[in-house]
Amino acid sequence: LKILPSIMKPTEHLCSQPHHAKEELNLYCETCQLLTCKVCTLILHKDHMIADMSNIANVHRDDMREALVCTQEVTSMLTRAIDANVTMAEQVEPSKENATLIITQAFDQLHQTIDERKK
């Protein structure tokens with residue numbers, strides 16, 4: 001919905017068209033995805049798909065709930081993946097430190113051997 005009734009100010013519940021500005025926005029143009037009044041459905045939204053606002057609100061509420069469930073599932077999967085990566089990194093860290101120490105010692109020994117041969 002482009003205009004959500006729950007966040008609208010009282011004056012926003014009324015049509016903005018000058019020739020019938022006091023009309024209540026209680027219909028929904030599915031074609032334009034806008035709330036509209038009954039006069040506008042006859043003029044500006046003629047031949048458009050029109051539905052009662054409460055029906056559309058229920059449909060969108062259900063869609064939002066579905067999206068929320070999917071988002072929660074994905075968030076849960078991502079959290080588990082992040083936790084697994086953190087655990088793996090923690091397990092690899094000691095091996096990395098040990099490998100670094102072995103490589104440093106090998107290079108030190110190699111450097112020492114080269115220095116001795118130069119003499």
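Good morning, colleagues. Because this is a predicted model, local features need a pLDDT of at least 70 and side-chain atom pairs count only at pLDDT 80 or more, whereas totals for chains, interfaces and linings use all residues. Residues are numbered from 1 along each chain as its sequence is written, and side-chain values use heavy atoms, with hydrogens and water left out.

I begin with confidence. The chain has a mean pLDDT of 85, and 90% of its residues reach 70 or more; pLDDT is the predictor's confidence in each residue, from 0 to 100. Contact here means heavy atoms within 4.5 Å. Helices (H or I, at least four residues) and strands (E, at least two) are DSSP runs, numbered from the N terminus.

I turn to the sheet. Strands of a sheet pair through backbone hydrogen bonds, either parallel or antiparallel. In this model, three strands form an open sheet in the order E2-E1-E3, with antiparallel pairing. Two strands are taken to pair if DSSP finds at least two bridges between them. E2 and strand E3 (50–52) stand at the edges with a single partner strand each, so one side of each has no neighbour in the sheet. From one strand to the next, the twist averages 40°. Strand E1 (residues 27–29) is joined to E2 by three bridges, and the two run antiparallel. Helix H2 lies across E1, E2 and E3, and runs at about 85° to E3. For such angles, axes are lines fitted to C-alpha atoms, for helices over the stretch in contact, and the angles run from 0 to 180 degrees between N-to-C directions.

Thr36 belongs to strand E2 (residues 34–36), and opposite Thr36 stands Leu27. Is Thr36 buried or exposed? Thr36 is buried, at 2% relative accessible area; buried means under 20%, exposed over 50% and partly exposed in between, with a 1.4 Å probe and protein chains only. Beyond its neighbours within four places in sequence, Thr36 has contacts that include Glu24, Tyr28, Thr41 and His45.

Next, the cysteines. How many disulfides does the model contain? The count is zero, a disulfide being a pair of cysteine sulfur atoms within 2.5 Å. For Cys32, the closest cysteine sulfur is that of Cys29, at 3.7 Å, which is too far for a bond. Cys37 is likewise in no disulfide, the nearest cysteine sulfur being that of Cys40, 3.7 Å away. Cys32 is partly exposed at 25% relative accessibility, while Cys37 is buried at 0%.

Finally, the salt bridges, of which there are two. The term denotes a side-chain nitrogen of Lys or Arg within 4 Å of a carboxyl oxygen of Asp or Glu. Arg65 and Asp62 form one, at 3.9 Å from N to O. These two residues are three apart in helix H2 (residues 53–118), about one helical turn. Arg65 is exposed at 51%, and Asp62 is partly exposed at 43%. Glu93 and Lys96 form a salt bridge with their closest N and O atoms 3.3 Å apart. Glu93 and Lys96 also lie in H2, three residues apart. Both are partly exposed, Glu93 at 31% and Lys96 at 46%.

Thank you for your attention.
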